[in-house]
Amino acid sequence: MKATKIIALSLAVLLAAASLTGCGGTRMNGDGGGESQTVEASGGGENKNETAEPQAHAPETIHITFVSSPLNIPSIVERNHGIFAENFAEIGVKNVEYADLTSGADQTQALASGDIQFLYCVGATSVLLSAANGADIKIISMYSRSPEAFCLFSGDDAIQSPEDLRGKVVAGPQGTILHELLAAYLASGGMTIQDVEFVNTSIPNALAALSGGSADCALLAGAAAYNAQKSGIHLVTNGAGLVEAAICCAATQKFIDEYPDMTVKFLEAQQDVLDYIDANHTQAIEETAAFLDLDASAVEEMAAYYDFSMEIRDSDVASMESTAAFMLDSGMIEEPVDVAALVIR
């Protein structure tokens, strides 16, 4: 395990908690609506379990988001093996429940309401939007970076430059990494979103619009992008050199302060997942392929586009600052966001 990151954050959250007075033990009562995993804390094992004691007033149930697409290998592996449940059991948590929330807006809203305690895989764009709207949200680790997995496709092979997009209909999800990709690509040619006809829609609907001829271009990611390229649809660009495609893990400052051990255990579990994948690469690929109903060879090929390191790097902060600037310039947010203040490192 890469202990340095865990120790550093442990000190950060414990010091933050120590600065508070009169913190009560409030149990989160959102039902999450997802499947749960239960592991009893034994308290009598070796290593971590040997000295672990239940945290005072710890919630019996922790709710965590589960997002499997576009190719979230860590989430699939974690759920298959119950790694969060095993780690949280060491401090008295009896259940881990998953919420299948794929919309960033739904995720951040559930976090703000207290129905979810940890966002395990949320786009930086969604975090920044939530923060800009005054919500309590902190980035506690990175989930992934995958610029090459986010792509712009066209049915017209003649589209080779940003200028070729002028006046074209481009379909894709607004307020996302894909939206940012389009803006960055247009900006590389001295253009803006206003120079195209942007249609806000989901990835499946964007692909359908492109296939049906109602859109000239579609913004696609993950398996949809992989399949589009394999089927011969013209790739205009991917995110390499344009966006970092930063995906984060997040919690509220309130929860971090009230239950500092919970954040530490979350990060330990996140690293345990990555360690398992490193040690059992083929098994992890096969588990992901089975879950997503894809060929293992396709998953193996797509996995090369993803960096799942959980460390928050200076380059990640710089990338999110660029994203925040894009959101401000495009009118998605009305006030600047202090990215450094959102990050716990």
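## Contacts along the chain

Take the contacts between residues at least 6 apart in sequence: 83% of them join residues at least 24 apart. The model is predicted. Its chain holds 15 helices and 11 strands.

Buried residues account for 52% of the 345 residues. The chain exposes about 14,800 Å². Carbon and sulfur atoms supply 48% of that area.

## Helix α14

Helix α14 covers residues 314-329, 16 residues in all. From first C-alpha to last, α14 reaches 23 Å. That is close to the 22 Å expected at 1.5 Å a residue. After α14 comes G331, which has a positive phi, near 85 degrees.

Which residues of α14 are buried? They are D316, V317, S319, M320, T323, A324, F326 and M327.

## Salt bridges

The whole structure contains 11 salt bridges. One of them pairs R145 with D307, with the closest N and O atoms 3.4 Å apart. This pair links distant parts of the chain. R145 sits in strand β5, while D307 sits in the loop between α13 (296-303) and α14. R145 has 5% relative accessibility, so it counts as buried. D307 has 26%, so it counts as partly exposed.

A second salt bridge joins R166 to E163. Here the closest N and O atoms are 2.7 Å apart. R166 is partly exposed, at 42% relative accessibility. E163 is partly exposed too, at 43%.

Helix α10 (residues 253-258) holds another pair, E258 and K254. They are four residues apart, about one turn of the helix. Their salt bridge brings N and O atoms to 3.2 Å. E258 is buried because its relative accessible area is 13%, under the 20% cut-off. K254 counts as partly exposed, at 48%. Elsewhere, salt bridges that share partners join R145, D307, R313 and D316 into one network.

## A buried glutamate without a salt bridge

E287 belongs to helix α12 (residues 281-292). E287 is buried, yet it has no salt bridge. How far away is the nearest side chain of opposite charge? That side chain is R79, and it is 11 Å away. A salt bridge needs the nitrogen and oxygen within 4 Å.

E287 does make a polar contact: its side chain and that of Y276 are joined at 3.4 Å. Leaving out residues up to four places away in sequence, E287 touches I76, V77, N80, H81 and Y276.

Where does S68 lie? It is in the loop between β2 (61-65) and α3 (73-81). Is S68 buried or exposed? S68 is buried, because its relative accessible area is 15%, under the 20% cut-off. Beyond its neighbours within four places in sequence, S68 is in contact with I76, F291 and L292. I76 is also touched by E287.

D272 is part of helix α11 (residues 260-279). D272 and P74 are 198 residues apart in sequence. In space, their C-alpha atoms are 9.9 Å apart. The side chain of D272 also makes a polar contact of 3.3 Å with the side chain of N87.

## L152 in strand β6

L152 is found in strand β6 (residues 150-154). With a relative accessible area of 1%, L152 is buried. What does L152 touch, not counting residues up to four places away in sequence? The list includes L165, V170, L181, L182 and Y185. C217, A218 and L219 are on it as well. H234, L235, V236 and T237 complete it.

L152 and G172 are 20 residues apart along the chain. Their C-alpha atoms are separated by 9.2 Å.

Methods. Residues are numbered from 1 along each chain as its sequence is written. This is a predicted model: local features need pLDDT of at least 70, side-chain atom pairs count only at pLDDT 80 or more; totals for chains, interfaces and linings use all residues. Side-chain values use heavy atoms; hydrogens and water are left out. Helices (H or I, at least four residues) and strands (E, at least two) are DSSP runs, numbered from the N terminus. The expected span of a helix is 1.5 Å times one less than its number of residues. Buried means under 20% relative accessible area, exposed over 50%, partly exposed in between (1.4 Å probe, protein chains only). Contact means heavy atoms within 4.5 Å. Accessible areas come from the Shrake-Rupley method with a 1.4 Å probe; for residues, only the protein chains shown count as cover. Lys and Arg count as positive and Asp and Glu as negative; His and the chain ends are not counted. A polar contact is a pair of N or O atoms within 3.5 Å; within protein, one must be able to donate a hydrogen and the other to accept it, and residues adjacent in sequence count only if both atoms are side-chain atoms.
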